[in-house]
Structure formats: structure tokens, C-alpha cells
Amino acid sequence: MKALLLHDKNQWKNMKVEEIETPKPKKGELLIEVHAVGLNPVDYKTATNGNPNWTYPHILGLDTAGVVVETGEGVTQWKKGDRVVYHGDLTKKGGYAEYTVVTAHTVSRIPENVSFEDAAAIPTAGYTAYQSLFRKLPLDQVETIFIHGGAGGVGGFGVQMAKLAGKTVISTASSHNHDYVKSLGADHVIDYRNEDIKAKVMEITNGRGVDAVVDAVSRQSATDSLDLLAFMGHIVYIAGAPDFTKITPFTKVVSYHEIALGAAHQSNDERSEKDLAVMGDEMLKLMAEGKLDSMLKETVSLEEVPEALVRLSERHVKGKIVAKVR
């Protein structure tokens with residue numbers, strides 16, 4: 001089969017499409033004919049330092065959509081021809097290839113009216129946003145949510161689903177993306193480059209602060225976000241924990257929630273692994289009903305993935321990029 005091969009760590013900008021042996025599904029696995037793969041920052045981040053579980057050449061690509069072509073021993077819930085999408089295990093070979101294998105209990109069925117490309121735009125960013133909102137936050141106690149980076153993947157899915165849940169949503173974006181983020185459901189959008197975020201949030205909330213923050217930017221951003229929280233507020237952090245010492249005990253009484261979506265694959269907890277499929281099913285249902293936008297802005301070929309990952313690493317990409325494999 002053809003695959004986009006990574007020959008060593010930090011060589012992701014030089015990946016080329018080459019021939020490699022087609023994998024075989026083992027017990028409990030599926031062989032997938034790949035149609036589309038979503039691009040994510042985790043691709044270049046993990047490829048830069050490598051992973052101790054990898055053997056080279058390695059194949060990147062976590063968000064894979066395609067068709068089941070073979071089932072491994074013991075698989076009964078899926079059959080040849082089923083259209084599926086999933087968030088893959090980054091310790092294993094991924095989806096930037098014509099074929100790949102996946103554990104059967106972590107995949108979701110793609111509705112007939114959802115394309116492979118739209119489905120592949122969801123998993124890493126979408127499930128992360130879903131987990132932040134519906135697995136970590138006590139949403140019945142949350143009225144206002146601040147979500148960083150509403151024009152990006154996690155932020156954009158988060159804005160949409162928080163709004164669908166009936167919350168007041170505040171987000172950030174460059175000024176030229178404000179209308180776009182509002183179209184996704186944000187009630188207020190702050191220009192993080194030219195406005196004082198804390199001052200704007202306090203103005204919007206009449207000095208109270210927000211009930212929850214979802215931060216997928218950085219450790220420093222998460223630390224700064226603590227200033228935005230109301231009493232008994234919650235912070236969900238994805239790109240590094242905040243400095244916990246910033247909040248004095250017995251003052252603001254903040255709750256901290258870590259997100260590490262891919263850790264489910266290494267958890268040895270089948271319920272958590274199956275929950276990846278549950279989140280996918282829920283988001284695909286919303287997409288099929290026209291309630292969720294995939295935010296797909298660009299499709300590229302396998303050969304064009306390295307250049308697209310460079311642009312993604314420069315943090316100026318709006319929405320999602322997907323590689324069309326077939």
C-alpha cells in the first residue's frame with residue numbers, strides 16, 4: 001500500500017508517500033480502507049520528539065474515516081463495507097495511508113448523509129471539546145463558559161456544543177475571525193491580540209467572572225485564565241496544567257480538570273476506550289441533523305500533508321484541514 005512515511009523523529013516536514021506492507025487485523029481489530037484523515041497539531045508535536053513505542057518508518061494520522069474491509073477474530077459488531085471514523089492510538093501506526101488497523105470497540109458509524117471528509121474532521125478536536133464539556137464540567141451548574149480560540153478545532157467544536165447546551169459562550173479570535181466564531185454560536189468574541197481579555201470578561205459578566213474556562217492553548221494561558229473564573233469556577237486544561245499556587249486555598253475554590261483524550265488507549269479501561277466511540281456517535285448524530293458544523297475548510301492530498309502541517313504549526317489555520325486519501 002501507499003503511505004506517508006516518517007523515517008525518524010523531527011523529520012515530519014520531509015515525509016513522502018512510499019510503498020509499505022499492508023497491515024493485517026489482529027483479534028478484536030478492523031482493517032480499514034482509508035478515505036480521509038484529519039490533520040491535527042498532535043501530528044507534528046509527537047513527530048518532533050517521536051514516541052518510544054514507534055518503529056520506523058512510522059505512519060502519523062489519528063483521525064481516520066474509511067470503510068471496513070476485513071474483521072479480526074472475535075469482531076461481530078462490524079462487517080465489511082461499514083463506514084466508520086475513529087480517534088486512533090498515537091502509539092501505533094496511523095491513518096496517512098491507504099489501509100490501517102484499529103480496535104473495533106473504539107470506532108463510530110458514519111451516517112449516510114455525512115461525508116468521510118466531514119467525519120474525519122471531528123475526532124481529536126471534537127472529542128476533546130466534548131469530553132471537556134460533557135465529561136468534566138457539571139453543566140447544570142454552569143451558565144457562562146469562556147472557550148479559548150473559537151476559530152480553531154477544539155475551540156470551534158467547543159463553542160458549537162456549549163451553545164447547543166444553552167450556555168452563554170465567550171471566546172477569543174483574531175478580529176478577522178470574529179464573525180465566523182459568532183456564526184458557530186459565540187455570544188461574545190474578544191480580540192486576544194488587541195483587547196484586555198480579563199477586562200472584557202469582567203465587563204461582560206458584570207464583574208463576576210465565568211463559571212468555566214476551556215483552555216487548549218498553553219500552560220501560561222491556563223494560568224492566566226484563572227483570573228477569569230467566578231467563585232466555585234471550573235477550568236478544563238488541555239495543553240498543560242495552570243500554576244495551582246496562583247489561587248490561594250479557601251478563596252475562589254476552583255475545580256481543575258485535566259483532559260488527555262488519547263490516554264484512554266493506554267488506560268487499560270475498556271469503558272473509557274468505548275467512550276471514544278460514544279462521543280463520536282453523539283457528534284456524528286448532531287452533524288447528520290445539521291446541528292454541528294465540521295468546520296472543514298480545506299482538503300489536501302497525502303503528498304500535501306507535510307506542507308499543511310507546517311501551516312498548522314504556525315497557528316494561523318481556521319477550522320479543519322483534512323487529507324483526502326481515496
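**Exercise 1. Classify the residues that line the largest cavity, and state how much space it holds.**

Solution. By class, six nonpolar, four polar and two charged residues make up the lining of the largest cavity. In this scheme Ala, Val, Leu, Ile, Met, Phe, Trp, Tyr, Cys and Pro are nonpolar, Asp, Glu, Lys and Arg are charged, and the others, Gly among them, are polar. The model is predicted: local features need pLDDT of at least 70 and side-chain atom pairs count only at pLDDT 80 or more, whereas totals for chains, interfaces and linings use all residues. Residues are numbered from 1 along each chain as its sequence is written, and side-chain values use heavy atoms, with hydrogens and water left out.

Next, identify the lining: Val-42, Asp-43, Thr-46, Trp-54, His-58, Ile-59, Leu-60, Gly-61, Leu-62, Leu-90, Lys-92 and Gly-94. A cavity is a set of points, on a 1 Å grid over the protein atoms alone, where a 1.4 Å probe fits but cannot get out; a pocket is an open set with protein on both sides within 12 Å along at least five of seven lines, and lining residues have an atom within 4 Å of a point.

Finally, the largest cavity holds about 60 Å³ of space, and the whole structure has one cavity of 30 Å³ or more. Such a volume is the space filled by probe spheres set on the points, with grid points joined across faces, edges and corners.

**Exercise 2. Describe the second largest pocket and determine which element gives the most to its lining.**

Solution. The volume of the second largest pocket is about 550 Å³. Of its 29 lining residues, Glu-29, Lys-92, Lys-93, Val-101 and Val-102 are the closest to the centre. Two or more lining residues come from each of β5 (83-87), β6 (99-103) and α8 (270-288). Helices (H or I, at least four residues) and strands (E, at least two) are DSSP runs numbered from the N terminus. With five residues, β6 gives the most. By class, the lining has nine nonpolar, eleven polar and nine charged residues.

**Exercise 3. Determine whether Val-17 is buried, partly exposed or exposed, and list its contacts beyond four places in sequence.**

Solution. Val-17 belongs to strand β2 (residues 16-19). Its relative accessibility is 25%, so Val-17 counts as partly exposed; buried means under 20% relative accessible area, exposed over 50%, and partly exposed in between, with a 1.4 Å probe and protein chains only.

**Exercise 4. Characterise the aromatic pairs Trp-54 with Tyr-56 and Tyr-130 with Phe-134.**

Solution. The whole structure has five aromatic pairs. Rings of Phe, Tyr and Trp (its six-membered ring) pair if their centres lie within 6.5 Å; planes under 30 degrees apart are stacked, over 60 edge-to-face, and the rest tilted. Trp-54 and Tyr-56 are edge-to-face, at 6.3 Å centre to centre with 85° between the planes. Trp-54 is buried at a relative accessible area of 8%, whereas Tyr-56 is partly exposed at 34%.

Tyr-130 and Phe-134 form a tilted pair, 4.7 Å centre to centre with 45° between the planes. These two residues are separated by about one helical turn because they lie four residues apart in helix α3 (residues 123-136). Tyr-130 is buried at 10%, and Phe-134 is partly exposed at 31%.
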